[in-house]
Amino acid sequence: MKQMLGTNVAFLFVVGTALPLVPGTARAMDGLAIEMGGKGQFLHGALLGIPVVYTCPKSSMSPSLLVQLAQASGSDVVDGVAVEDALECDGEPKETLVLVMPTSTSPFRRSKDIVVDVNMSACDDVSLTCGDVSAGPVVLSLRR
């Protein structure tokens, strides 16, 4: 078992050091863009909908959005994370509402601002390059 663990660690080290030499990984993918909409929406009490406008080229593979939220709640922080990977890529801007549930036992509060960070990643199936783009962190007001 000990020898097998050492072999696996050595293999990961060799593979990890070789990855930057793989063609296509050195440059970022063109055509990715995201921006957040104006205001988050409370849906069904616990869910918070974050509007995101994204653009990705037609040749995109595995496009996904990662939305991370954090909100101060007394001396604690209520946070949430959501991934959306059913994205349509045709080079035109698309709007989606990413639904985020709190990962803690406390709910998001309507009366407090929330910090939002959005990241989009995708790969190009022609050039085999991958890239990502982010928007945030920004403070989003949830007050009415």
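This report describes the fold, the nonpolar core and the disulfides of a predicted model.

Residues are numbered from 1 along the chain as its sequence is written, and side-chain values use heavy atoms, with hydrogens and water left out. Local features need pLDDT of at least 70 and side-chain atom pairs pLDDT 80 or more, whereas totals for chains, interfaces and linings use all residues.

The chain holds 1 helix and 8 strands, in the order α-β-β-β-β-β-β-β-β from the N terminus. Helices (H or I, at least four residues) and strands (E, at least two) are DSSP runs, numbered from the N terminus. Of 144 residues, 34% are buried (under 20% relative accessible area, 1.4 Å probe, protein chains only; exposed is over 50%, partly exposed in between).

The largest nonpolar core has 28 residues; such a core is a set of buried Ala, Val, Leu, Ile, Met, Phe, Trp, Tyr and Cys residues joined through side-chain atoms within 4.5 Å. Ile50, Leu65, Leu69 and Val116 touch the most other members. Strand S7 gives the largest share, 5 residues. Beyond four places in sequence, the contacts of Val116 (heavy atoms within 4.5 Å) include Met36, Ile50, Leu69 and Val138.

There are 2 disulfides, each a pair of cysteine sulfur atoms within 2.5 Å.

| Pair | S to S distance | Angle about S-S bond | Hand |
|---|---|---|---|
| Cys56 and Cys89 | 1.9 Å | -85° | left-handed |
| Cys123 and Cys130 | 2.0 Å | 100° | right-handed |

Cys56 lies in the loop between S3 and S4 and Cys89 in the loop between S5 and S6, so this pair ties together parts 33 residues apart in sequence. Both Cys56 and Cys89 are buried, while Cys130 is partly exposed at 41% relative accessible area.
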